[in-house]
Amino acid sequence: MHPGVKLVFTLVFIIFLNLTPAQAWPAYIFFYTFLLALVLVSRIQLSILFQRTLLATPFILAAIPLIFSANPPYYSISLLPDVEIYLSLEGLQKFVSIAIKFFISIQAAILLTATTRFPDLLFAMERLKVPKLMVAIIGLAWRFLFVIRDVVLRMIRARTSRSSSLSSSSHSGGSLWWRARVTGVMAGSLFLRSIECSDRIYAAMLSRGYVGVPLPSFSKTISINRNEFLGLGFGIFLIVMIWIFGLFTGG
Amino acid sequence: MSHLPFLSSKLMHIPDGFLSVLVSAIFWMISIMVLIKALRETNRLLSERQVPLMGVLAAAIFAGQMLNFTVIGGTSGHLLGAALATILLGPWPAVLIMTSVVSIQALLFQDGGILALGANIFNMAMIGVFVSQAIYTYVTSLLKKKSWVFFVSGFVAAWASIFIASLSCALQLSLSGTSPANVVVPAMAAIHALIGIGEGLITAGALVFIFAARKDLLHNDLSKTGDHKGIIIGGSLIAIVLAVLSPIASSHPDGLEWVAEQSGFLGIAQDAFYEIIPDYTMPGINDPALATIVAGIIGVVIVFVVAYGVARNEKHSKRNQISHG
């Protein structure tokens with residue numbers, strides 16, 4: 001499928017999901033059904049989907065205070081004989097709504113990245129009029145990310161073998177100050193290496209005929225065909241219907 | 001899990017679902033305007049030679065976020081890199097580099113949401129860079145001709161960039177009604193005041209190293225070209241406004257939501273939006289509980305049908321493969 005279609009669809013899906021008011025439980029079910037159906041059709045592994053979702057969950061902490069601080073009525077729950085906490089029902093509902101929206105949005109984003117190669121995504125961004133320079137920088141960063149990650153991992157391994165990673169100063173070779181300085185020097189040398197590396201890359205690009213125009217796209221010739229266009233229209237229509245439904249059922 | 005090492009700087013990457021669409025849209029617009037300016041300035045100042053440099057440095061900052069050092073029992077300091085990029089390359093290229101980093105984190109690693117990307121770019125790529133630039137310039141001019149000037153100004157700039165960016169992040173959350181300002185602002189501020197120390201130490205260490213190894217990079221024309229007065233004033237303004245606004249917001253019970261309601265801004269926007277469709281109840285399903293049950297049943301049926309279809313299809317294609325091959 002054309003990457004632009006997928007990108008636009010994902011954006012529309014996430015925007016309308018987040019426009020849906022709080023407590024629109026039935027609409028959430030429809031949104032998630034729609035997404036799950038797409039996940040099934042795309043045949044990505046469910047375990048990957050949920051693993052990646054879990055990795056991002058800690059942020060939910062930010063919304064927990066809502067449970068205790070939203071508008072009355074409050075319900076008191078006694079934890080211990082003398083200790084009572086007050087919960088706000090409205091706050092709890094808000095919190096659950098946020099958690100559900102987060103859960104569905106992130107899975108939509110995972111579906112997009114799991115089914116689209118990154119060069120295709122860059123191509124889609126170019127099609128959506130993201131400036132060429134920006135796309136070129138993001139593309140280059142992505143290409144060299146894994147090379148430089150290996151450099152960093154080597155540095156960390158080297159440091160670990162010289163045992164500066166332990167926290168007690170008798171084993172780590174130095175104080176907190178020293179550990180921070182070592183890490184700083186690592187960051188500095190990483191930067192210098194990258195700058196030197198980029199000079200070589202530039203020379204290599206020049207020798208392949210680079211004249212300042214960003215790298216040519218990978219699938220420039222492909223355009224959105226009629227079926228994909230109809231599919232996109234139908235998908236967005238469904239999303240809007242679910243959203244309108246959500247407006248009526250939401251609180 | 002190969003991507004685990006990348007997930008180090010969770011706290012400031014807001015995922016989708018936590019910001020209201022209105023807040024997200026506002027910060028998308030601000031970010032896009034600043035980005036257009038940054039692209040124009042970068043095009044003017046730098047040759048095409050710098051494109052690979054910016055790409056590789058973005059990758060280096062991304063990977064460099066894995067660099068950390070243990071502080072006390074489990075906690076660790078690590079690098080975000082906005083200040084380092086600003087000091088080495090100047091503010092406008094640094095905005096582009098940090099934007100690339102934040103975008104790749106959102107698009108590829110789900111570190112931060114897609115709808116919330118505008119706000120995340122604003123916090124980490126713009127506030128981080130502008131505040132660093134402003135503070136770095138101030139401190140450097142205060143401590144003229146001291147040999148340890150890079151160390152001190154780098155440390156302070158890096159600490160401030162983290163701290164102010166976290167305030168902005170907290171205010172966005174409370175403006176969206178996701179987290180009460182009197183909880184989230186002090187919490188984010190306290191955590192990032194500590195994280196900022198780690199960032200500051202690493203940045204300062206890196207600068208000292210670069211100063212010793214490649215002095216020319218710190219005195220190059222790259223970061224000195226162009227007039228950065230606007231950025232310096234803007235960065236200081238952002239820092240001052242956020243530093244003043246945060247305690248005010250958090251001392252009021254309902255924080256920013258109250259401010260927004262008082263000024264009638266949020267209310268008007270939302271009312272207008274929802275009044276497109278007047279009071280109307282769905283025929284048949286005006287009982288929310290019933291609607292939930294019906295939605296659940298329809299959902300289960302749809303998922304089942306799709307799963308069945310996929311399974312059948314797979315069987316067919318397998319049979320075809322066998323008969324053909």
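**Figure 1. Burial and fold of chain A in the predicted model.** Of the 251 residues in chain A, 39% are buried (20 or more other C-beta atoms, placed from the backbone, within 10 Å of the residue's own; exposed means 12 or fewer, and partly exposed in between). The model is predicted, and local features need a pLDDT of at least 70, side-chain atom pairs count only at pLDDT 80 or more, and totals for chains, interfaces and linings use all residues. Residues are numbered from 1 along each chain as its sequence is written, while chains are lettered from A and ligands numbered from 1 in the order in which they are written. Chain A contains 10 helices and 2 strands (DSSP runs numbered from the N terminus: H or I of at least four residues for helices, E of at least two for strands). Along the sequence, the pattern of chain A is α-α-α-α-β-β-α-α-α-α-α-α. Among contacts in chain A with a separation of 6 or more, 72% join residues 24 or more positions apart; a contact requires C-beta atoms, placed from the backbone, to lie within 7 Å.

**Figure 2. Confidence across the two chains.** The complex receives an ipTM of 0.84 and a pTM of 0.82 from the predictor. The average pLDDT of chain A is 80, and 82% of its residues score at least 70; pLDDT is the predictor's confidence in each residue, from 0 to 100. For chain B the average is 75, with 74% of the residues scoring at least 70. The pLDDT is below 50 over residues 1-9 of chain B, a stretch that has 14 contacts in the model beyond near neighbours in sequence. It is also below 50 over residues 258-284 of chain B, where 12 such contacts occur.

**Figure 3. The interface between chains A and B.** In this interface, 78 residues of chain A are in contact with 78 residues of chain B. Helix 9 of chain A gives the most to the side of chain A that touches chain B, contributing 21 residues. That side of chain A comprises 56 nonpolar, 16 polar and 6 charged residues (nonpolar: Ala, Val, Leu, Ile, Met, Phe, Trp, Tyr, Cys and Pro; charged: Asp, Glu, Lys and Arg; polar: the others, Gly among them).

**Figure 4. Crossing of helix 9 of chain A and helix 7 of chain B.** The axes of helix 9 (residues 176-207) of chain A and helix 7 (residues 181-213) of chain B come within 7 Å and cross at roughly 55°. Residues making the contact include A:Gly184, A:Gly188 and A:Phe191 of helix 9 of chain A and B:Gly205, B:Val208 and B:Phe209 of helix 7 of chain B. By class, the residues of this contact divide into 14 nonpolar, 5 polar and 1 charged.

**Figure 5. Two loop residues with positive phi.** A:Arg43, although not a glycine, has a positive phi of about 60°. A:Arg43 is found in the loop between helix 2 (25-42) and helix 3 (46-55) of chain A, and is exposed, with 11 other C-beta atoms within 10 Å. B:Gln110, also not a glycine, has a positive phi of about 55°. B:Gln110 lies in the loop between helix 4 (91-109) and helix 5 (117-142) of chain B, and is buried, with 25 other C-beta atoms within 10 Å.

Conventions. Axes fitted to C-alpha atoms, helices over the stretch in contact; angles between N-to-C directions. Contact = placed C-beta atoms within 7 Å.
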